[in-house]
Structures are given as structure tokens and as C-alpha cells.
Amino acid sequence: MAVPVAAPSAVFGTTALFLTGALVMRGAGCTINDLWDRNLDPHVERTRLRPLARRAVTPQQAIVFLGGQLFTGLAVLLSLPWECFWYATPSLILVTLYPLAKRVTYYPQFVLGLTFSWGAMMGFPALGIDLLANQAALTAAAFLYASNVAWTVLYDMIYAHMDIKDDVKAGIKSIALKHEKETKAVLSGLAVVQIGLLAASGYAAGLGPLFYLGSCGGAALTLSTMIRRVRLKEVKNCWWWFVNGAFFTGGAISLGLAGEYLAHYLGYYDEEEKVKRQEAINA
């Protein structure tokens with residue numbers, strides 16, 4: 001069963017809701033993280049001036065603010081098809097547990113990836129496609145989700161390098177500490193896994209050359225450039241690549257997907273449409 005092509009109005013409307021929801025729920029995740037870490041953050045140079053860490057905001061005030069964020073996120077969620085509510089619910093558990101992961105494992109970035117990549121599973125039901133009834137969509141969503149997990153671990157590993165010295169003192173675990181001596185090899189492996197899973201997602205969804213060239217090729221180019229050029233011993237350089245690299249790779253993937261969507265929507269991969277266009281040109 002092929003993955004159907006949604007109308008542009010549905011795509012743009014759903015994208016706007018997802019963008020709003022992502023911003024709100026990412027903020028909620030940060031609030032929860034800062035609540036858990038309010039006694040750890042004062043010992044880390046980069047985080048010591050956060051509102052809770054410097055006592056500018058009380059935990060009670062932060063909880064009230066978190067409630068506002070969660071209600072806003074719920075409003076966005078309820079604007080989507082009702083099936084999305086059930087798909088979204090498990091992510092709340094991950095959002096809550098992520099801050100605890102850094103206390104018990106050197107791979108909290110993996111838990112972060114599981115948390116912040118959840119939107120990949122919701123895109124299809126948001127456009128009216130039942131994952132449980134469409135094997136191609138379920139497979140594509142699963143591969144896309146896994147690809148995003150690998151991407152999150154990759155980027156957050158660079159992010160974690162900014163805090164290595166302070167993390168040791170504070171007793172915080174991270175993948176950067178565990179693999180400090182072979183970081184670029186790990187980053188390269190994660191990039192290969194990410195791109196491979198992204199390509200598998202495209203194959204499952206029946207995507208064509210624009211996706212593979214734009215999204216997969218663009219991701220390979222931007223990630224390889226970042227991994228080669230990032231200076232892991234320099235905090236400012238890690239921060240620059242963490243912020244801008246996400247836009248480079250995300251932009252390439254998004255442009256490839258947009259081009260592929262337009263090609264499918266306009267029928268450029270449909271044999272009958274190709275014949276009609278050629279006849280029009282010949283006429």
C-alpha cells in the first residue's frame with residue numbers, strides 16, 4: 001500500500017501546528033529539565049545563570065509556568081485529528097524521564113533523541129493516515145523516527161562537549177565523556193546511521209530522486225562538513241556548529257522533502273501525467 005499524497009492546504013496547516021507544538025513542548029521539556037537540574041546547574045559554567053539555578057525563579061513559579069506550557073501544547077494537540085492524542089501521550093513520559101537519564105547512564109542523549117523525535121511518528125496520523133492500517137506509512141515513520149534519534153544524539157554529543165570539564169565535577173554523565181577520545185569517529189558513525197535510516201524511510205514511502213539527492217545528499221554534505229570542521233575543544237565553536245549545523249542539515253532535508261512532495265503532488269512520477277505533459281509539449 002502506497003503512502004497517499006496530502007493536499008497543500010493540509011500540509012501547510014499541519015506544518016504550522018507542528019512548528020507551534022514543537023516550540024511549546026521543547027520549552028516544556030527545558031522547564032522540566034531545569035527543575036530537575038536546579039541543584040546541578042549552578043556548578044556548570046554554561047548553565048549557572050539559568051533562572052532556577054540563580055534563584056531568580058522559584059520551583060513553584062516554574063511549575064505554574066510549566067502548566068501554562070503544557071496546556072498550550074494540549075490546545076495544539078487537540079487541533080490535530082483525535083488519533084494524534086493517543087500517539088502523543090507516550091512522549092510525555094520520555095519528556096519527564098530525560099533529565100534523570102544523565103544521572104544513571106552515559107547515554108542520556110539517546111533518551112533525548114527518543115523524546116524530541118516523537119513528532120516523526122505523529123506526522124502521518126496528523127494528515128489522516130492510520131499507521132496501524134498502512135504498513136508503508138508505519139515503516140516509513142519508524143525509519144524516520146530512528147533517523148531523527150541518531151541525528152539528535154549526533155548534535156547533542158557536540159553540545160555536550162561544551163560542558164565536559166564541569167560535568168566531571170558535577171557528576172553528570174554524557175556520551176561526550178564516555179567517548180571523548182573517539183568523538184569524531186562516533187559522530188561519523190551516527191551520521192552514516194542517520195542518513196541510512198533516512199534513505200530507508202524514503203524507500204518505504206516510495207519517494208524518488210529529489211528526496212535522495214536533496215535530503216539524503218544534502219544531509220551527507222552538511223554533516224560531513226560539520227564533523228570535519230568542528231573544534232571540539234573550543235566551547236564557542238561547538239556552540240556555533242550546534243546552532244547553525246542544525247539549520248544546514250535540517251534545511252537540506254526539508255528542501256529535499258518539499259521538492260519531492262511537489263513532484264508527487266504535480267504528478268511528475270505518474271506515468272499518465274508524464275505522457276500528457278509530453279503530448280502537450282509536442283503539440
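A residue is called buried when its relative accessible area is under 20%, exposed when that area is over 50%, and partly exposed in between. Arg46, at 31% relative accessibility, therefore counts as partly exposed. The model is a predicted one, and the values below are computed from it.

**The loop between α1 and α2**

- Arg46 lies in the loop between α1 (8-36) and α2, and, when residues up to four places away in sequence are not counted, Arg46 touches Tyr159, Met162 and Asp163.
- Although Arg46 and Asp166 are 120 residues apart in sequence, their C-alpha atoms are 8.9 Å apart in space.
- Thr47 belongs to the loop between α1 and α2 as well, but with a relative accessible area of 4% Thr47 is buried.
- The side chain of Thr47 reaches the backbone oxygen of Asp41 at 2.9 Å, and, with neighbours within four places in sequence left aside, Thr47 is in contact with Asp41 and Ala53.
- Arg55, found in the loop between α1 and α2, has a positive phi of about 65 degrees although Arg55 is not a glycine.
- At 57% relative accessibility, Arg55 counts as exposed, because the cut-off for that class is over 50%.

**Salt bridges**

- The structure holds four salt bridges, one of which is formed by Arg50 with Asp34, the closest N and O atoms being 3.2 Å apart.
- This pair links distant parts of the chain, since Arg50 is in the loop between α1 and α2 while Asp34 is in helix α1, 16 residues apart.
- Arg50 counts as partly exposed at 22% relative accessibility, whereas Asp34, at 15%, counts as buried.
- The side chain of Arg50 also meets that of Asp41 in a salt bridge, at 3.6 Å from N to O, and Asp41 is buried, with a relative accessible area of 5%.
- Glu180 forms a salt bridge with Lys233, the closest N and O atoms being 3.4 Å apart.
- Glu180 lies in the loop between α8 (175-178) and α9, and Lys233 lies in the loop between α10 and α11, so this pair ties together parts that are 53 residues apart in sequence.
- Of these two partners, Glu180 is partly exposed, with a relative accessible area of 33%, while Lys233, at 73% relative accessibility, counts as exposed.
- Through salt bridges that share partners, Asp34, Asp41 and Arg50 are joined into one network.

**Nonpolar cores**

- The largest nonpolar core has 26 residues, and those with the most contacts inside this core are Leu154, Tyr155, Ile158, Leu223 and Met226.
- The elements that give two or more residues to this core are α6 (135-160), α9 (183-205), α10 (209-229) and α11 (235-265), with α6 giving the most, namely seven residues.
- Leaving aside neighbours within four places in sequence, Tyr155 is in contact with Leu223, Met226, Trp241, Phe242, Gly245, Ala246 and Thr249.

- Thr115 is found in helix α4 (residues 108-116) and, at 7% relative accessibility, counts as buried.
- A polar atom of the side chain of Thr115 lies 2.8 Å from the backbone oxygen of Val111.
- Beyond residues up to four places away in sequence, which are not counted here, Thr115 touches Leu94, Val95 and Tyr98.

**Nonpolar surface patch**

- Phe71, Leu74, Leu78, Trp82, Phe85 and Trp86 make a nonpolar surface patch of about 740 Å².
- Helices α2 (59-78) and α3 (83-104) each supply at least two residues of this patch, and α2 gives the most, with three residues.
- Leu74, one of the patch residues, lies in helix α2 and is partly exposed, with a relative accessible area of 32%.

Conventions: Residues are numbered from 1 along each chain as its sequence is written. This is a predicted model: local features need pLDDT of at least 70, side-chain atom pairs count only at pLDDT 80 or more; totals for chains, interfaces and linings use all residues. Side-chain values use heavy atoms; hydrogens and water are left out. Patches are made of residues with over 30% relative accessible area and no salt bridge: like charges are joined within 9 Å, nonpolar side chains (Val, Leu, Ile, Met, Phe, Trp, Tyr) within 5 Å. Accessible areas come from the Shrake-Rupley method with a 1.4 Å probe; for residues, only the protein chains shown count as cover. Helices (H or I, at least four residues) and strands (E, at least two) are DSSP runs, numbered from the N terminus. Buried means under 20% relative accessible area, exposed over 50%, partly exposed in between (1.4 Å probe, protein chains only). A nonpolar core is a set of buried Ala, Val, Leu, Ile, Met, Phe, Trp, Tyr and Cys residues joined through side-chain atoms within 4.5 Å. Contact means heavy atoms within 4.5 Å. A polar contact is a pair of N or O atoms within 3.5 Å; within protein, one must be able to donate a hydrogen and the other to accept it, and residues adjacent in sequence count only if both atoms are side-chain atoms.
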